[in-house]
6 protein chains.
Amino acid sequence: MSVAMNDLGIVRRNIIRADKAAVDHLSRYGVATIHEAMGRAGLMHPYMRPIYTGARMCGTAITVLLQPGDNWMLHVAAEQVQPGDVVVAACTVANTDGFFGDLLATSFRARGAKGLIIDGGVRDVTDLTEMQFPVFSRAISARGTVKATLGSVNIAVVCAGATVNPGDVVVADMDGVVVVPAGIAQQAADAAEAREANEADKREKLAAGVLGLDMYKMREPLAKAGLKYID
Amino acid sequence: MSVAMNDLGIVRRNIIRADKAAVDHLSRYGVATIHEAMGRAGLMHPYMRPIYTGARMCGTAITVLLQPGDNWMLHVAAEQVQPGDVVVAACTVANTDGFFGDLLATSFRARGAKGLIIDGGVRDVTDLTEMQFPVFSRAISARGTVKATLGSVNIAVVCAGATVNPGDVVVADMDGVVVVPAGIAQQAADAAEAREANEADKREKLAAGVLGLDMYKMREPLAKAGLKYID
Amino acid sequence: MSVAMNDLGIVRRNIIRADKAAVDHLSRYGVATIHEAMGRAGLMHPYMRPIYTGARMCGTAITVLLQPGDNWMLHVAAEQVQPGDVVVAACTVANTDGFFGDLLATSFRARGAKGLIIDGGVRDVTDLTEMQFPVFSRAISARGTVKATLGSVNIAVVCAGATVNPGDVVVADMDGVVVVPAGIAQQAADAAEAREANEADKREKLAAGVLGLDMYKMREPLAKAGLKYID
Amino acid sequence: MSVAMNDLGIVRRNIIRADKAAVDHLSRYGVATIHEAMGRAGLMHPYMRPIYTGARMCGTAITVLLQPGDNWMLHVAAEQVQPGDVVVAACTVANTDGFFGDLLATSFRARGAKGLIIDGGVRDVTDLTEMQFPVFSRAISARGTVKATLGSVNIAVVCAGATVNPGDVVVADMDGVVVVPAGIAQQAADAAEAREANEADKREKLAAGVLGLDMYKMREPLAKAGLKYID
Amino acid sequence: MSVAMNDLGIVRRNIIRADKAAVDHLSRYGVATIHEAMGRAGLMHPYMRPIYTGARMCGTAITVLLQPGDNWMLHVAAEQVQPGDVVVAACTVANTDGFFGDLLATSFRARGAKGLIIDGGVRDVTDLTEMQFPVFSRAISARGTVKATLGSVNIAVVCAGATVNPGDVVVADMDGVVVVPAGIAQQAADAAEAREANEADKREKLAAGVLGLDMYKMREPLAKAGLKYID
Amino acid sequence: MSVAMNDLGIVRRNIIRADKAAVDHLSRYGVATIHEAMGRAGLMHPYMRPIYTGARMCGTAITVLLQPGDNWMLHVAAEQVQPGDVVVAACTVANTDGFFGDLLATSFRARGAKGLIIDGGVRDVTDLTEMQFPVFSRAISARGTVKATLGSVNIAVVCAGATVNPGDVVVADMDGVVVVPAGIAQQAADAAEAREANEADKREKLAAGVLGLDMYKMREPLAKAGLKYID
């Protein structure tokens, strides 16, 4: 009965991935832009950092729920990976063990995975950097893990504060990690595109010395809020 | 369009609360017992602590999503409270400001609220202790907040690492906070009851000096796992 | 020359304390009220916690700058204490050592000190609790300190994020610690009084079931900000 | 071969406990006094806090090395407990799970244990408080643990930054936790006694208004270090 | 009246910047050297880190006080920037939101700013790195901010534990961030120069194998302090 | 007497270093491999990070116990360094001051040191990077230290959670820091070699698309543990 209540010990094989065109479209935008385009939603906590400068990825989520100090479910997840997927691993408690290294990366890559997002630790980071296998993690740690206790694969997880459902789009770059629910992937990509077009023009004006105060028409609301200039 | 994507600026008025009998049943068990009965699920992070010794509550969730340093939505939430509810407030980012004090507690109590769970700060804790209004929070802080930016009420939130849907049962005691999805509230209560019955017998044996090694029949699996005794 | 630049190795003997009537007036209000009355200013970080439930104090600051693991300057400060003072000790770096215990408390009390605010650790907390000598600190730690390196007494310090000048009023209660610059102590006390009078009326209305939404006239600004109710 | 190198999977049955008279002698002094008497050594990190006000203990260490999220070894340890022992549990990584609750406390007490020091989480703290079973821990958490991976019992462990060997004396009170190596227990107790005698006299003088500056003859070394008084 | 008490909602337009020659002089030395030359003063907390390797800056401070999750005041600050300035942004509470990105950097640079020091988060770090616009921050985060609540510009702020007045010199390099009060900028630069000259000679001796024990004549004070050599 | 109890104020001159051939052998393997080969032991906490990308070292430990904010003992340690040594510095409390910079690095290198492991802060990191002098530390900080209080050299220390005895082998790379007791250095090197040979073969299979599930024969134990596949 526990299983029914806690979703532990489950592997869901058939998941609905976000539309491939929408994923491709989203892959053209940065994390900050997509997060803004969605109305400031979907971000993971900022402690999630890339293991090397320039790491980035965009793909559909295979979700994993890990037990602390136990990477058994990452091996189970490998079988569910399809080309274009990103593995997103949450843990039942805060844990920084080195759940993932170059062997699992080799396996994930062979299955077509684009990278790993893990609310835990990774190791072999020199090898992973040479492989250019992008990983965003809570920590880097050499500490090994066991294979003793069940978690789950492809259930809804909370990873670094963000809810991730299997098949959602996950985008990561040097600014962090954002999750786009599969159902709004195309809409979010369109909004990101609109936002970015908009930014080029603003950048040009600001570079020419126009102040944001004027460009965004902030002077009146600032005065209304009570801002006082003192000489 | 942002609103559609990010659930900000929304108040859901009609929510389905967990069955009252199930809530009453759950109120008889502790957080650890319920968490175990659900197969070790539903716990918030352990940084959520009661503001006074002995604080405890059990009720149905009114959920709130706050912006940092802004408690506007707690006022909006008050109107949605019905007797037996617990207000569960998440924040879009880690923030320890004093979102809640004795005035809001007075209002919540007048509406029938049983307490507050907030992933943020509270103040007036001496008054709240005198009122015996239970609050579990991330921090205690006198810092005041503004009323300037919209969040939402009665959407799914992630509070201190746990997913909470409006109407879910929330139970809190000195061990922490656990969330029971409304749909399995009765099942969880039954499992908790079974577990507790079970525990009384174990406690008696252990008090009489029986070892857990024998009572749980651990000696064989320990030996199989390789445990060595050295004299 | 360093001394001139860094204010180390200095004890200022003649400081201007806030007006006694203003200090007495401020002692009647809580930290949250005073902080709000000053326009949300002057708070220390919320990691500053009392060593026992119910600890509170209000007095004029004798400031101390400590070196990590060195409590020499607390002995120097004792001589500068006058009845009604509060010792406020900052440290050049984050440090949790037990700088202060029951012997220093005995000495401080004999000089008339009302308590201690220390961005560091304290020990002998059972004795301090029996003495009812209030201390707000970053940590409790038995670790001893040396007397080897100079700091200063009665210079401007940054303690737990707040600037404190000698003679300022320091108020602490279960909600935290707030600093009131000596020059505005009376003004702050008047504002706190006004605010508190105001609160009694609000509390009564809220207890009677009036919603903050109506009492504070929030419905219109919320609607303007785009809040949507969904049934 | 791993076992030989890492001390995992081992239970040492015959340990040499510190001399009982020395333990009794040490039990009369506080943690800060003993730590100072040993020349400022042996303290655990200050994040180790008691689960209830007034908790204290003094006994000989049964040491445990736990795996994260796994309390199997606490059951193994119970069998090794003799009257007057304190169980000291370290974990291979930082972990806050609820390894220990009222059932294990019942078992430990039945064996004669005086309390638990654990660099991890505990639960059932209301029950433990009623039982007055003292626990000092890194966290309070309801999260349950499994019984799947071996650690060890009665090996040297590093618990909250302090090295603990089986049989060492462990003293805990509201100021923290200190470890006294078995071999110097009597010497440490004598030094603590000398120190405390010494303190009574100092306390009296300070209460009478004598300054530490004079009592400890600090004025000359302070002047030599360059302290300047400014009027 | 609040405004008078809390310095919120104020923009000071005429500030006195440190002497340009002194700033240029200071720009030749590292943060550690300047901090030592000032007698070990002026450092921000070490959590302030550069967003790219090699980032460094030296300029006069435009100070900003931000509200959490709100970057309105950075737009206000842009207008006050003059060539050679560094923007120093504090926040009323600990907050890691992405207050600053490539658009504001474009605007700041167009005004002549040399970089940003912010006790909060930044985003667009790949763009900022390409622009070689140096930023030292508490965090990197894509999370967007609003423009709803007033802070201030060019008031005294406490940023990452250091007091900064408008016009002070701020120097940042891979070792951290140091603040030099405008009034002692020349004196500090001279002291830094003297210190550095001094260091070249020491480096040569140490490289040749001379021990610091001998070069600094430490053997006698060490023996006096009681150091014992054991063979 | 204190000295006898706490090991402060001691420099041990004659230490037994691990066998040179074993050290050379260990230097060929990574931290994760050695940690696994020892049965998952010996790791320091993951907050110990290299000051530049690619830093690595392998050598025999000269251990140092520092007092907070005091680097006197690093100068004492320099004299004990022999070619091939690594200095391992612990601190009596958590402290991030800049204990070490380019001058000490010049001295250490002149004595033949291979690098520094320090549970504290370092500075001059740009210079250290140019020198390619590897340092793994808890923090980077420009804050200067004094030379006032004794610690010790070549006693057993707990550094970042790991016990280090003088003469032990310390290996550090981008994955962290591992300590190999001198007495098992050759055994650990052999085990690491065996493990690594083993890995090449696994890597090849995984790259060819074989699943870990099959290669490690996990399907049966997973099924036994209750894993359910859902379509």
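Mentor: Let's start with a contact, meaning heavy atoms within 4.5 Å: Asp102(B), Leu103(B), Thr106(B), Ser107(B) and Ala110(B) of H5(B) meet Glu199(C), Lys202(C), Arg203(C), Leu206(C) and Ala207(C) of H7(C). Those residues divide into four nonpolar, two polar and four charged (Ala, Val, Leu, Ile, Met, Phe, Trp, Tyr, Cys and Pro count as nonpolar, Asp, Glu, Lys and Arg as charged, and the others, Gly among them, as polar). This is a predicted model, in which local features need pLDDT of at least 70 and side-chain atom pairs count only at pLDDT 80 or more, while totals for chains, interfaces and linings use all residues. Residues are numbered from 1 along each chain as its sequence is written, chains are lettered from A and ligands numbered from 1 in the order in which they are written, and side-chain values use heavy atoms, with hydrogens and water left out.

Trainee: At what angle do the axes of H5(B) and H7(C) cross?

Mentor: In general, two packed helices are described by the angle between their axes and the distance between the axes. Here the axes of H5(B), residues 102–111, and H7(C), residues 185–207, come within 8 Å and cross at roughly 15 degrees. That makes H5(B) roughly parallel to H7(C), a label for angles under 35 degrees. Helices here are DSSP runs (H or I, at least four residues), and strands are E runs of at least two, numbered from the N terminus.

Trainee: Is H5 of chain D largely enclosed or open?

Mentor: Buried means under 20% relative accessible area, exposed over 50%, and partly exposed in between (1.4 Å probe, protein chains only). Seven of the 10 residues of H5(D) are buried, so this helix is largely enclosed by the rest of the structure. Among the buried ones are Leu103(D), Leu104(D) and Phe108(D). Their cover includes H7 of chain B, along with H4, E4, E5, E6 and H6 of chain D. After H5(D) comes Gly112(D), with a positive phi near 100 degrees. For contrast, Asp214(C) is partly exposed, at 39%, and sits in H8 of chain C.

Trainee: How far apart are the nearest C-alpha atoms of chains D and E?

Mentor: They are 13 Å apart, and chain D and chain E do not touch.

Definitions and conventions: Axes are lines fitted to C-alpha atoms, for helices over the stretch in contact, and angles run from 0 to 180 degrees between N-to-C directions. Angles under 35 degrees count as roughly parallel, over 145 as roughly antiparallel, 65 to 115 as roughly perpendicular and the rest as oblique.
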